[in-house]
Amino acid sequence: MAVYALTGFSLVSLLSFGYLSWDWMKPSLVADVATDPMEKSLPPAFTRPPHIIFILTDDQGYHDVGYHGSDIQTPTLDRLAAEGVKLENYYIQPICTPSRSQLITGRYQIHTGLQHSIIRPRQPNCLPLDQVTLPQKLQEAGYSTHMVGKWHLGFYKKECLPTRRGFDTFLGSLTGNVDYYTYDNCDGPGVCGYDLHEGEDVAWDQSGKYSTFLYAQRVSKILASHSPKEPIFIYVAFQAVHTPLQSPKEYIYRYRSMGNVARRKYAAMVTCMDEAVKNITWALKKYGYYDNSVIVFSTDNGGQTFSGGSNWPLRGRKGTYWEGGVRGIGFVHSPLIKRKRRTSWALVHITDWYPTLVSLARGNLSNVPGLDGYNVWPAISEGKESPRTEILHNIDPLYNHAKYGSLEDGFGIWNTAVQASIRVGEWKLLTGDPGYSDWIPPQTLTNFPGSWWNLERLTDGLRKSVWLFNITADPYERYDLSDQRPDVVRTLLMRLVHYNQTAIPVRYPAENPRAHPDFNGGAWGPWASEDDADEWEGIGEPLKSRNKKKKCKICKLRSFFRKLNTRLMSNRI
C-alpha cells in the first residue's frame, strides 16, 4: 500500500508541475499542416510498385520528438507524422543488432540465433547467411536497393556485407558506433580503426564530413541518378543519435539554455537529423518520386538516458524490456495512404515491415516460410484491425539469471530466472532481470520530487523475477498485477514455453584477434576467408557446447596476437 500511495503522490506532483501534461491518448500535440494543392490531387491508389524509403534512427528516445511533447525541435518529423499515420502501439527491440536483424529478416531473434546482446566488432558472427533478406526480396520484385548508414549485422567475412545481402550500393559503417567526423571506432583500449565504407571498399576520402549530412547527401545523389519510373528501396540507417554526442556548433547553439550538457548536445543531434530527413523528403519531390512513395520512420530502441535521451513518461531505457526500451517512435507518411492524418493504435512490431513492404512491392512471400511478421498495411492505410495480437520481445538464455527466479515461481513450466518478455493482447509479462527500471524525466528538469526516486528504490528492493502489466490501462508499468492475476501469468508463461521450443541455439562466439584493424590496414573490415570460416564461427552452437579441440588449434595464435596487441598499445602510450 505504501508503494501505491507513493506512486499516486508522484504522479499528482508531476501533473501539477506539468511534466505529464501531454495526453497519452491524444492523436497529436502538433497542428496538422496543410499539404500542397498538387499533393491533394494525387490518386489514392497504387498504379505501380511504390518507392520505399525506410528511415531508422539510433537511440532516439520515445519522448524525443516534437509530437510527443518534447522540448527538442523536430518540425519535419512532426509534419510528416501529422500528415501520415502515427504508430502509437509500435514496438522495436531494446538494442541495436536485434532491431536491425528483425527488420531485415522479419523474424524474432530466437529464430536467427541473435537473441543475446549485439554483434561486436571482433566477433566472427553476422546475420545468418541462410536468411533471405528484405532487400533481396525487393530485388526479386524488380527494385533497385540501396543502403546508407549503420549496418551492425556483422562483417567478419565478405559474404556478411550489405552488398552481399541484397543491397546494390552501400555507404556507411559496419560496426555499432563511430566518430561522426573521423569515423574512428575503438572496441577497447588500443583496438581502434576507421569504419566508413563505400560498397566493399574503405571510404578514406570521406573522413571529416559529418555523418548525418553525408548520409542525407548520398540519398539525394541516389535519387538524382535513378529514374522515378523504376521502383527504388533506400534504407537510411542514421548513426544519429547514438553516442558519441557530436553535432555542428550551430545546432548546439539553439539549445544553449539547456542546463544539462549531454541533453543539449543530444537535442542538437536530433534537430540536425530532422533537417536531414527534410532534405531527403525534398529530394523525393524534386526528382519526381514523392507522389508514388512510402516513407517509414522508426527508431531502433529506446533512448539512452545517461547520454541525453529521454523515454518519458515510459519506464526504463535502452537495453531494457520495460516500455522505455521497446516502445518506439514510428510513423508512415505517404500520398498512397487511404486514411491519412490520424493516430493508429494497431499493434505493430518491427518484424512486420518485411512482409508489409514486400507485399507493397508486389513481391512473392510464398517462398519465405516461418516469418514472424505480419502485413500491417491495411491497418496502417485503411485503419483496419492489426493481424498481430502478440509480440515476443525476446528470450535470452545467456543473460545473467535473476537471483530470485526459479522453476517453482514459474509454475513448474518456466524458469523465471531467465530474461524474457512477451506481450499478448493487453497483457505484458517480464521474467528474469528486465534491466534498469526507473522512470526518468527529461534531463532538463531541476528540483525533481525526491519521492519518485524513493519509490524506485522500494520496488528495486523487492525479490522478484516475474512482472505482469496491463499495458493498455497502464502504459507506464506502474502497477504489477502478477500476484493478483496468476492465471494470466501462467497463460503467458505457456506462450514463452511455446516460443522457446522453436528457438535455435544462440550465436555468440568469442572475439577473434584477427579482427584487429591493425591487421586490415587500419580499418574495420572482413578478416575471415571461406577456407577458415568454420574454424572461427562456432555458428549454431551454444557457448557451452563448442568443440574444445577447435579452440586448442588457435590458442597459440591467440597468445601471439595478445602479446603483439600489448606491444602496440604500449607504443601508442
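Author: Two strands count as paired if DSSP finds at least two bridges between them, and the elements themselves are DSSP runs, helices being H or I of at least four residues and strands E of at least two, numbered from the N terminus. This is a predicted model, where local features need pLDDT of at least 70, side-chain atom pairs count only at pLDDT 80 or more, and totals for chains, interfaces and linings use all residues. Residues are numbered from 1 along each chain as its sequence is written, and side-chain values use heavy atoms, with hydrogens and water left out.

Reader: How many bridges join strand 17 to strand 18?

Author: Five bridges join strand 17 (residues 427-431) to strand 18, and the two run antiparallel. Within that pairing, Leu 430 has Trp 467 of strand 18 as its bridge partner.

Reader: And which strands form that open sheet, and in what order?

Author: Four strands make it up, in the order 15-16-17-18, with antiparallel pairing. Strand 15 (390-396) and strand 18 (466-470) are the edge strands, each pairing on one side only. From one strand to the next the twist averages 10°, where angles run from 0 to 180 degrees between N-to-C directions and axes are lines fitted to C-alpha atoms, for helices over the stretch in contact.

Reader: Which helix lies across those strands?

Author: Helix 13 (residues 486-500) lies across strand 15, strand 16 (419-424), strand 17 and strand 18, and runs at about 70° to strand 17.

Reader: What about the sheet of ten strands, in what order do they come?

Author: Ten strands form that open sheet in the order 9-8-5-4-10-1-11-12-2-13, and here the pairing is mixed. Its edge strands, each pairing on one side only, are strand 9 and strand 13 (342-344). As one piece of detail, strand 5 and strand 8 (residues 197-198) run antiparallel and are joined by two bridges, with Glu 198 in strand 8 as the bridge partner of Leu 171.

Reader: Which strands does helix 4 touch when it packs on that sheet?

Author: Helix 4 (residues 96-105) touches strand 1 (51-57), strand 4 (144-150) and strand 10 (232-237), and its direction makes about 170° with that of strand 10; contact here means heavy atoms within 4.5 Å.

Reader: Switching to helix 3, at what angle does it pack with helix 8?

Author: Helix 3 (residues 75-83) and helix 8 (residues 261-286) pack at an angle of about 55°, with their axes 7 Å apart. That makes helix 3 oblique to helix 8, given that angles under 35 degrees count as roughly parallel, over 145 as roughly antiparallel, 65 to 115 as roughly perpendicular and the rest as oblique. On the helix 3 side the contact is made by Pro 75, Thr 76, Leu 77 and Leu 80, and on the helix 8 side by Met 273, Asp 274, Val 277, Lys 278 and Thr 281.

Reader: Is helix 3 mostly covered or mostly exposed?

Author: Helix 3 is mostly covered, with seven of its nine residues buried, and the buried ones pack against strand 2 (85-87), helix 8, strand 11 (293-299) and strand 12 (330-333).

Reader: Last topic, the rings: how many aromatic pairs does the structure hold?

Author: It holds 18 aromatic pairs, where rings of Phe, Tyr and Trp (its six-membered ring) pair if their centres lie within 6.5 Å, and planes under 30 degrees apart count as stacked, over 60 as edge-to-face and the rest as tilted. In one of them, the ring centres of Tyr 180 and Tyr 210 are 5.4 Å apart and the planes are at 20°, so the pair is stacked.

Reader: Where do Tyr 180 and Tyr 210 lie?

Author: Tyr 180 lies in the loop between strand 5 (169-173) and strand 6 (184-186), and Tyr 210 in the loop between strand 9 (201-202) and helix 6 (211-225), so the pair ties together parts that are 30 residues apart in sequence. Tyr 180 is buried, with a relative accessible area of 0%, and Tyr 210 is buried too, at 4%.

Key. Buried < 20%, exposed > 50% of the residue type's maximum accessible area, 1.4 Å probe, protein only.
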